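Please look through the sequence and the model below before reading the report. The headings that follow take the chain as a whole and then move to particular residues.

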Amino acid sequence: MTDPKLTYKTFEPNSGKTNQLVFWLHGLGATCDDFLPLAQMLNQPNTKFIFPQAPEISVTINSGMVMPAWFDIYGVGPQHQEDESGINKSSRQLVNLINEFKKEHPDAKVKLIGFSQGGAVSLYTALLNPDLCPDVLGLSCYLPLNRYFLDPYNKPKKTDRPIVLYSYNLVNYK
């Protein structure tokens, strides 16, 4: 059984040959339109921005409400199971979309950006596909199914790819 194709919107400034493909994934309950104005404002030459749309699914943590989501969320915290099949499905769909655009732009570099749940899918996909997705930025997100990538002390397992987990906490200044 093949995964359904993701729908998407694109933005590409009129600037010549495309040498970068930026796939920008939205967060839970949002749409592919959310970051389109930012891409228009950035107006990066030779860059095509692709904004995939998450499918509408029932989200357990939100009382089963149907909304755009990359995968189901059963609860918050390490004690809750993760939707491994949903995470993998979204990752496969994203890889299929990337490959579709790579056919048209074979020399273009791929960059993934994701916010919240879209950031989680971006990080996961990039770590599974380092040659296809060498650059990734996750904004306000986490690494799903991190047991495959991190040891029990949250240190990266041996990999050829560095994993940099950055968090910044605001502190009280006196």
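## Burial and surface

Of the 174 residues in this chain, 40% count as buried, where buried means under 20% relative accessible area, exposed means over 50%, and partly exposed covers what lies in between, with a 1.4 Å probe and protein chains only. The accessible surface of the chain comes to about 10500 Å², and 54% of this area belongs to carbon and sulfur atoms; such areas come from the Shrake-Rupley method with a 1.4 Å probe, and for residues only the protein chains shown count as cover.

The model is a predicted one, in which local features need pLDDT of at least 70 and side-chain atom pairs count only at pLDDT 80 or more, while totals for chains, interfaces and linings use all residues. Residues are numbered from 1 along each chain as its sequence is written, and side-chain values use heavy atoms, with hydrogens and water left out.

## Helices, strands and a hairpin

The chain has three helices and seven strands, which follow the pattern β-β-α-β-β-β-α-β-α-β when read along the sequence. Helices (H or I, at least four residues) and strands (E, at least two) are DSSP runs, numbered from the N terminus. Among contacts between residues at least 6 apart in sequence, 63% join residues at least 24 apart, a contact being heavy atoms within 4.5 Å.

Strand E4 (residues 56-59) and strand E5 (residues 65-68) run antiparallel and are joined by four bridges; two strands pair if DSSP finds at least two bridges between them. Ile57 has Met67 in E5 as its bridge partner. The hairpin of E4 and E5 has five residues between the strands, and Ser63 in this hairpin takes a positive phi near 60°.

## Aromatic rings

Rings of Phe, Tyr and Trp (its six-membered ring) pair if their centres lie within 6.5 Å, and planes under 30 degrees apart count as stacked, over 60 as edge-to-face and the rest as tilted. By this rule the count comes to seven aromatic pairs. One of them is edge-to-face and is formed by Tyr8 and Phe101, at 5.2 Å centre to centre with 70° between the planes. This pair links distant parts of the chain, since Tyr8 is in strand E1 (residues 7-11) and Phe101 is in helix H2 (residues 84-104), 93 residues apart. Tyr8 is partly exposed, with a relative accessible area of 35%, whereas Phe101 is buried, at 5%.

Phe49 and Phe51 form a stacked pair, with 6.3 Å from centre to centre and 10° between the planes. Phe49 counts as buried because its relative accessible area is 3%, and Phe51 is buried with a value of 1%. Trp24, Phe35, Phe49, Phe51 and Phe115 form one aromatic cluster.

## Two residues of strand E3

In a regular strand the side chains alternate between the two faces of the sheet. Thr47 lies in strand E3 (residues 47-53) and is buried, with a relative accessible area of 1%. Its side chain is joined to that of Gln20 by a polar contact of 3.1 Å; a polar contact is a pair of N or O atoms within 3.5 Å, where within protein one must be able to donate a hydrogen and the other to accept it, and residues adjacent in sequence count only if both atoms are side-chain atoms. Leaving aside neighbours within four places in sequence, Thr47 is in contact with Phe11, Glu12, Pro13, Gln20 and Val22.

Not counting residues up to four places away in sequence, Lys48 touches several residues, among them Phe11, Thr18, Leu21, Phe101 and His105.
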